[in-house]
Each structure stands twice: as C-alpha cells, then as structure tokens.
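The following paragraphs go from single residues to the chain as a whole. Please keep the sequence and the model open while reading.

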Amino acid sequence: MLGQVTFHPSNPGQPRHLTPEEFRILGRRMVDFVADYMASVDMWPVASQDGPGEVLARLPEHPPEVGLSAAAEPAEAWGEVFGDLTRIVLPGLTHWQHPSFFGYFPCNASGPAILGELLSAGLGVQGMLWQTSPACTELETRMLDWAAEMFGLPACFRSDAVNDGLGGGGVIQGTASEATLTAIIAARQRWRRLRRARAGALAGATGEIGLAEEAVDQRFAVICSEAAHSSVVKAAMMAGIAEGPDDEERVWRIGADAQGRMDVGELRRVLEQRAGDPAGPIPIACVATLGTTGVGAVDPVTEIGAELGRAGAERGAEPGAIWLHVDAAWAGSALVCPEHRAMATGLARADSLCINPHKWLLTSFDCDLFWTRARRDLVEAMSITPEYLRNAASESGSVIDYRDWQIPLGRRFRALKLWFVIRHYGLEGLRAHIREHVRLAEMVERFVRHDDRFELAAPRSLALVCFRVAGPDELTPRLVERVNASGKAFLSNAGFAPGTGRPRPIARMAIGGVLTTEEHVRKAWALVTRLVDELR
Ligand code: PLP
C-alpha cells in the first residue's frame, strides 16, 4: 500500500520533483546504462585519451536557468543527460573497472556494492547519531564485527571488547588517510590522558603540580617508515604535529630494509637516540604498514610493537604510550584467506588498524574499515556535544554515536554496501577473489623471472608484481608510458631502492580487478614484452 506523498506542487513557483513513476523509468534506464558500461568497459582505452581541458570544453560554461523538470515529459527530456554521459563523461574516464587496469591498487566496484550505494542514496539517511537512524549505526557495528571475524583479527577490536575499560570496536571511514589522521588524533588524546593520570598521581604524592599540558603539546612526533604512504605525513601535518612534508623533527622516517620493510634495528636506534632526549619531541604514534604502496612490503608489526613497548618502558611511560596504528589499506583484504594471516600476527599489540575493502574486496569506493582497541581515547578526542545534538539515547550511554569516531559530523549509510557484498559473495567467494589474483600475480612473477629483458624490482607481494626493464633506469618509465598510451592495459610507476635516498624507477602491475581474468593478464604481459623491444 503506497502512501499519499505529493510530487507535483500546487504552487507553480515550487520545483517539480521526479514522481516515483518517473524515477522508476529513469532509474531503470540508469541501471541499464551502468550494466551496459560494465558489459562493454573493455571496449574503451583503459586510460582516457583526453588531454587537459577537453572535458571542460565539452561542458556548457553556465548552468541552465530552466531545468529538465520544466519539460512536458521530464523523463523523456532526460534523454539528453544519457547522451551527454556517453559524449562528455565516458571518454574522459580512465576505466578503473577495465579488466586490463593494473595501475596503483585496484578500486573494486561490484554489482552488490553498487546496489548498496543506490539504496544508501535512495534512503537518504544521515547517520551522525544513533538516534538519526539506529539501523545505520547498528548495521555498521555488526558489519565491523563480521569483518573482524572474517579477517581473523584479535578479539580486542570487536565492539563488545572491554579492553580494561577502553572499549574496542570499528567504524567505516571514507579512506585510509582519514583513518590515519583519526588514529593520530586518538594517540594524542591517549598521551594526554596518561599524562593527566601521572600528573595527578605525582601531585597526590608530592603536592607538586605537573607541567602544563600546553607546554609539551607542541613537541609531539610521529614515526613511520620511509616507505609509508604519504597520508601519514599529511596526517601529522593536519594534526598540527609536523610543520610541513619535510619536517624530520616531527616525523621520524625509519629506513626500510632491502625488501622495503621498516628496519627494526634502525627503529631501535632512533628510539634510543631521539626519544631519550628530554628536550626533543615526544613520539606519540607509530604507523606500520601491511602492504606498502610502492612494493607491497609488510612491516614486522610484532617487532615494531616490542620496540615501542621497550622505548616506552625505558622512558617511564605507560605501556602503549606510543599508539601503534597499522595501515593495511590494500593488503588487509587478503586476511580473509587464512594462508595470508602470518602478516597479521603482531596485530594483538596494535591500537588501531585500517583495511580498505574499496581497494580489493569488491566494495565500491569509499569504504575504509577502521578498528581500535581504545575507543575511549578516540571518542574523547572527537566528541563535542552542542545543544542541538543532545538526545536521551546518547546520554544513556547505551548507544554508539559514530560521529565521535570520525572527523566529519555527517555520515552516509555505507554499511549497506558491505553487507550486500558479504551476503552475495560469502566468505568463500571473497577468498576465491583474492586467491585468483594472487595466482595470476604468481604467474606474472614467473614471466618476469624467466625473461632476461626484465628483473623483479622487489619480491612479489600478494597480487602485486614490481619489475624493471633490464638496462638503463629510464627504460622502465618509458615502457609504462607506452603501455598506458596504447590504451590496452594500464600500469603505474613508482620508485624503489630503500636506504639509498635515490629510488630507482619500477613498474607496478597490481592485479585485482573485479573483471580481470587470466586472459587479460596474459595479454597485458604480451603487450609489455612486445613494447619493451621497441624501446631499444
Ligand atoms: N595507505 C596505503 C598503504 C595505500 O596504499 C594507500 C593508497 O593506495 C593509502 C593509504 C591511501 O588510501 P586512501 O585513498 O584510502 O586514503
């Protein structure tokens, strides 16, 4: 039984909305458009052939004064929108869903996730508070617990974990960059909490008052490896810790070993030398990476955790005074397979962790899963309650308000797409997705090893193969450029030569597309081998 909502305003000055019937027609047409795009995406050149300004030139310079809603039949008038999508937008796309897209890391869009996005937009919910849609909050809580289970995460990250009163749980953030910034802000809050507790204890014992917090707030530092994603330094800048991207006083970049992993020996030396300086900045957070952006290296989280603990103990700080955040944005999706969980053994020491299903787990952008074992530090850092957000449920303390777990106030209903993905594929399907890409990457690794025109630039990591053209360094970026210009496949560049300060160019082939099959990978490799001969 449908309700009585009116879509045609009685006052002619009001805008005319699409009626449910018109929306149905256009919605079906848009779904058809997307389905046709999916079915034919391989007919496009992978990289857009447009030059700068070409899309702009195809767009009208000014907005329309009178919209399509003024037409006698708006649903028909919308035909021009569909025409423009094909004429203006599609040629200006680099087709991330093309099965021969192997650049950067993948950005999976799948049918179930797209349906979740559609539903989220259709329900139009803004889930800042539990009260503003209990289902938006509670479905998300359940999805994060499901995901913790499917990735085999330690129990401290579950929403029901007590963790000595700090509380655990997870939330959906937009991106790994936001997750890292959130972790650093929570780390600073933890440091203040511990400091307040110590100052209180000291004052109780001696009658003295500890240092004013403001005096030391300016002296924090963040630790990460030289191979960490740039979002770590950016987060330190945004949190007011680092003054700029090159602030070595506030971001301690630890060298990487020959495989691109954080060098724990160097971490120890840095902690001994720098953290022992009472006048120097205080390290409050360390970001370790499972699957670095360049070559997919996996930092030794267990050893890093042990070094942080030792440094804290030597300085008389409480255990966990240096917050350990693990950035598993890409590689984390592989934890769905038990055979890839060795990289996660150190997670029991981590204070927070993030994984992006929008990269490699079939869930459309944006969807970053962020867990913490210290919900209290996070919420204390982020929570502010103006009068207009007060409500009985929040005040009862029995509900989660995810606005306090993230930077913005408002939030979309992103849990729907994750729910649909997990329900559609099941854990079996998700594992099969990862395993097939790892198998294909092993195949490419063999191709590289058995062809003396190429060399592996780093050990294969999961479904990422990094290689160089044998010979002068400049050949590798030229090869990538040619592959991409061909429109038949897409690779990306990076630099790698840890510890030298002079990264050598590498080509990255990241397998992980939803539609990628063995045939696409073989064809891409055949293209690479054909083009490499034309370089010389
Ligand atoms: N961390 C790592 C390891 C990454 O590889 C990336 C992007 O590829 C990011 C963070 C940034 O991801 P996001 O776009 O979700 O902020």
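Contact here means heavy atoms within 4.5 Å. The model is a predicted one, in which local features need pLDDT of at least 70 and side-chain atom pairs count only at pLDDT 80 or more, while totals for chains, interfaces and linings use all residues. Residues are numbered from 1 along each chain as its sequence is written, and side-chain values use heavy atoms, with hydrogens and water left out.

Start at T137, which lies in helix α6 (residues 134–150). Helices (H or I, at least four residues) and strands (E, at least two) are DSSP runs, numbered from the N terminus. With neighbours within four places in sequence left aside, T137 is in contact with G127, L129, W130, I400 and Y402. T137 is buried, at a relative accessible area of 1%. Buried stands for under 20% relative accessible area, exposed for over 50%, and partly exposed for values in between (1.4 Å probe, protein chains only).

The loop between α6 and β1 (169–173) holds A155. Is A155 buried or exposed? Its relative accessible area is 54%, so A155 is exposed. A155 and R373 are 218 residues apart in sequence, but their C-alpha atoms are 9.0 Å apart in space.

Next come the cysteines. A disulfide is a covalent bond between the sulfur atoms of two cysteines; the criterion used is a pair of cysteine sulfur atoms within 2.5 Å. A search of the whole structure finds 0 disulfides. For C107, the nearest cysteine sulfur is that of C367, 11 Å away. C107 is buried, with a relative accessible area of 18%. The closest cysteine sulfur to that of C337 is also in C367, and because the distance is 18 Å, it is too far for a bond. C337 is buried as well, with a relative accessible area of 0%.

Now the whole chain. The protein chain has 17 helices and 11 strands. Its radius of gyration is 26 Å, close to the 24 Å that the globule rule gives for 536 residues, so the chain is as compact as a globular protein of that length. The radius is taken over C-alpha atoms, and the rule is 2.2 Å times the number of residues to the power 0.38. Along its principal axes the C-alpha trace spans about 80 × 70 × 45 Å. Of the 536 residues, 48% count as buried. Among contacts between residues at least 6 apart in sequence, 74% join residues at least 24 apart.
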